[in-house]
Amino acid sequence: MAAGAALVLGLAGCAGTRAGDPGAQQPAGGDNKGALIGVAMPTKTSERWIDDGNNVKAKLEELGYQVDLQYANDKVPDQQQQIESMLNKGAKVLIVASIDGTALSQQLAAAAEDGVKVIAYDRLINGTPNVDYYVTFDNNKVGVQQGTSLLQGLGILDAEGKDTGQTDKKTIELFAGSPDDNNAHFFFDGAMSVIQPYIDKGILTVGSGQTEFSQVAIQQWKQETAQARMETILNGFYAKGGKKLDGVLAPYDGLSRGILNATKAAAIPNPIVTGQDAEKPSDKLIMEGVQYSTIFKDTRLLGDTAATMVDDLLNGREPKTNDTKTYDNKVKIVPTYLHDTHIVTKENLIKVVVESGYYTKEEVESGQ
Ligand code: BGC
């Protein structure tokens, strides 16, 4: 138990402060003291983004900055307009978690003209030279972990990720995230890199035959769209033939809950369903054995890193990065700081999510 908590806390320690860099946690001096920082978040429909916004704001305020935090309700024109307004108010740095990673070129060109630096937060901003840094989790690894936990839940891999030798045939369905979110492609490709070999061997079959990203993607990551797609698939491919649905690859907890609503309404046994973000309502379902797994991403670390980058930029220091190869936005490789992620199941949820101080035991048990 202690080892897991130490692991999570250890990561927190390494991202939050930087030993040997005495300036890193000091308020900005000179012209930038108390500067305004624009923080553009995509939506409040998912609790992770609410936590992200609050964390970044708190951390920036701790460092002495003023913060304009805006949520765009998943609407691209709202986010464009919010960024324009941040620039009009004189923001010195922008932190942007985009809705559509290709839709902000004009606003970011205006930022560059004003000498305003831009940090892409969690989601890469594509097709523009005017994004300076990227802070995120290891998105490919998230996908690999989602695929791995699906295979573990189905008994095909063991706890260490080794093949168990099981050859029973299983039927699965695949879901992916919003096509305009660059991360959705990383998650799906990462997951398929571990799932596809078992489809090729005939151990796994996708009951609906829908395996292309374009067929399985859910616009705007909407729970109700995932639920409707699952209902259509259950009616079309499972209701009559007596086929049993064993597992579902779901890339985000909101989609997982939509999928589980559909299987519940169809009164079939819960398939193994994956997820992402360790959202409280899904934590509750995992504790109850309804949802199989999620991926824990400690958004406190992301907020700390983004705020530290802002402080570095406004004090003439080069922000720290740990990946300068992976994130090509079609115009340039964006220097990135990647954080680690963890598979969470009923076995380790308390250890990873509660003992790290992310949520309380009451929150994960009540789902609120
Ligand atoms: C984030 C995920 C989140 C998803 C839906 C992605 O960009 O990386 O953590 O589940 O958006 O909000």
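**Ground rules.** I worked on a predicted model, where local features need pLDDT of at least 70, side-chain atom pairs count only at pLDDT 80 or more, and totals for chains, interfaces and linings use all residues. Residues are numbered from 1 along each chain as its sequence is written, and side-chain values use heavy atoms, with hydrogens and water left out.

**Entry 1: around the ligand.** I found Arg48, Trp49, Asp122, Arg123, Asp181, Asn183, Phe187, Trp221, Tyr252, Gln276, Asp277 and Lys297. I sorted this shell by class and got 4 nonpolar, 2 polar and 6 charged. For my classes, Ala, Val, Leu, Ile, Met, Phe, Trp, Tyr, Cys and Pro are nonpolar, Asp, Glu, Lys and Arg are charged, and the others, Gly among them, are polar.

**Entry 2: polar contacts.** Here I wanted pairs of N or O atoms within 3.5 Å. A ligand oxygen lies 2.6 Å from a side-chain N or O atom of Asp122. For Asp277, I read 2.7 Å from a ligand oxygen to a side-chain N or O atom, and for Lys297 the value is 2.9 Å. The protein covers 98% of the 310 Å² of accessible area that the ligand has on its own (Shrake-Rupley method, 1.4 Å probe).

Entry 3: Which pocket holds the ligand? I found the ligand in the second largest pocket, with more than half of its atoms within 2 Å of the grid points. A pocket here is an open set of points on a 1 Å grid over the protein atoms alone, where a 1.4 Å probe fits, with protein on both sides within 12 Å along at least five of seven lines; lining residues have an atom within 4 Å of a point. I noted about 390 Å³ of space and 22 lining residues, with Thr45, Ser46, Gln220, Trp221 and Tyr252 nearest the centre. This lining has 4 nonpolar, 8 polar and 10 charged residues.

**Entry 4: the largest pocket.** I noted about 500 Å³ of space in the largest pocket. Its lining also lists 22 residues, and Gln152, Ile343, Val344, Thr345 and Asn348 lie nearest the centre. I counted by class 10 nonpolar, 9 polar and 3 charged.

Key. A residue is near a molecule or strand if one of its heavy atoms lies within 4 Å of it. A polar contact is a pair of N or O atoms within 3.5 Å; within protein, one must be able to donate a hydrogen and the other to accept it, and residues adjacent in sequence count only if both atoms are side-chain atoms. Grid points are joined across faces, edges and corners, and a volume is the space filled by probe spheres set on the points.
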